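Hi everyone, thanks for coming.

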Amino acid sequence: MLTKVLFAIGVILIALVMSFFGLKEVVATMMTANIFLITVAVLLQLLILALLALRIILIAKKYGKIGFVEAFKISMAGIAISLLTPIAKIGGEPLKIYLLRKRLGVSKATAVIAVDTIAELVSSLLMIFLVFIIFAKDVPGVIFSSFAIFLVIVAALLLGLLKLLLNPGWMRRIIKWLGRNMVKFAKVNKKDYAKLFYNAFRLLIRDKKIMLYAFGVSFATKIIEFVRMWIVFAAIGIFLPPGVVIILWSVILVLYLVPWLPGSLGLVEFFGTGTLIFFGTASGAAAGGLLIDRFISFWFVLIFGLLIATTMKLPKKVRR
């Protein structure tokens with residue numbers, strides 16, 4: 001019920017934001033969008049989702065073979081939950097572990113998703129850092145300071161995550177909690193899941209090939225996101241410079257970190273549009289193009305992920 005209320009508030013905020021930038025102009029812009037290019041943008045988003053599933057397959061390859069369809073469903077279900085949480089990107093990781101444990105067991109599944117999450121966070125951190133350095137002179141003061149805050153927060157999250165993963169006491173408590181909540185009636189105290197996790201995690205991070213695959217896929221998805229965003233605006237006749245696309249992408253990523261409504265509804269639309277206007281895009285075109293991109297990157301992914309999540313069969317028997 002709370003989620004529905006939050007989404008309702010988010011939709012209202014989006015409507016208010018669009019009214020602020022000129023509702024008629026926004027709607028007119030969206031209605032003139034090139035359908036072919038929009039279709040290409042949707043296909044690129046599907047490619048991104050496929051690559052995220054591939055990343056899980058490549059990381060988990062150390063412990064067993066996972067089919068693409070299974071990995072895709074696990075990835076999409078986790079993404080959907082992440083988009084439903086106030087801070088996107090990592091809220092669905094426990095669900096991914098829960099679904100992957102059927103194939104790999106609790107400890108190895110946790111290690112795989114931990115590496116998957118680290119690859120995503122580190123690649124995002126590095127991308128923002130590059131934008132921070134390369135486009136420092138072109139970024140407005142408010143956005144520049146936001147980038148700096150983002151770098152500090154994500155760096156702190158990474159350090160905290162790594163400390164957690166390398167702290168036997170903390171990790172043992174978490175693994176036991178996962179075991180109790182994921183394996184009903186299982187006697188989790190009979191096995192040292194923390195030790196099993198450490199063994200699995202160390203094998204993964206020491207495998208240079210796996211780490212190369214994980215980070216390679218992560219950076220590839222971000223490049224495709226840039227292309228998708230550029231194509232969306234090209235569909236409405238706006239050809240954004242590559243630098244503006246990268247800055248806009250970075251601004252949206254920073255906004256996702258703000259504790260707010262699911263998917264940072266309202267925030268992304270307002271500040272994203274404001275960023276484009278700062279760089280010379282007309283308000284109606286900026287808001288219209290951003291709404292289309294948000295439909296593809298957020299609403300389409302969320303609905304698709306929820307449909308998959310609600311039709312998946314939960315695992316009954318679990319490997320230890």
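Let me begin with handedness: a crossing is left-handed if the near helix is turned anticlockwise from the far one by less than a right angle, and right-handed if clockwise. By that rule, α10 and α13 make a right-handed crossing.

A word on the source: this is a predicted model, where local features need pLDDT of at least 70, side-chain atom pairs count only at pLDDT 80 or more, and totals for chains, interfaces and linings use all residues. Residues are numbered from 1 along each chain as its sequence is written, and side-chain values use heavy atoms, with hydrogens and water left out.

Now the overview. The protein chain has 13 helices and zero strands (helices are DSSP runs of H or I with at least four residues, strands runs of E with at least two, numbered from the N terminus). Of its 320 residues, 52% count as buried, that is, under 20% relative accessible area with a 1.4 Å probe and protein chains only; exposed is over 50%, and partly exposed lies in between.

Back to our pair. Helix α10 spans residues 208–234 and helix α13 residues 283–311; their axes are 9 Å apart, at an angle of about 130° (axes are lines fitted to C-alpha atoms, over the stretch in contact, and angles run from 0 to 180 degrees between N-to-C directions). The two are therefore oblique to each other: under 35 degrees is roughly parallel, over 145 roughly antiparallel, 65 to 115 roughly perpendicular, and the rest oblique.

Finally, is I134 buried or exposed? I134, in helix α6 (residues 106–134), counts as exposed because its relative accessibility is 58%. Thanks, everyone!
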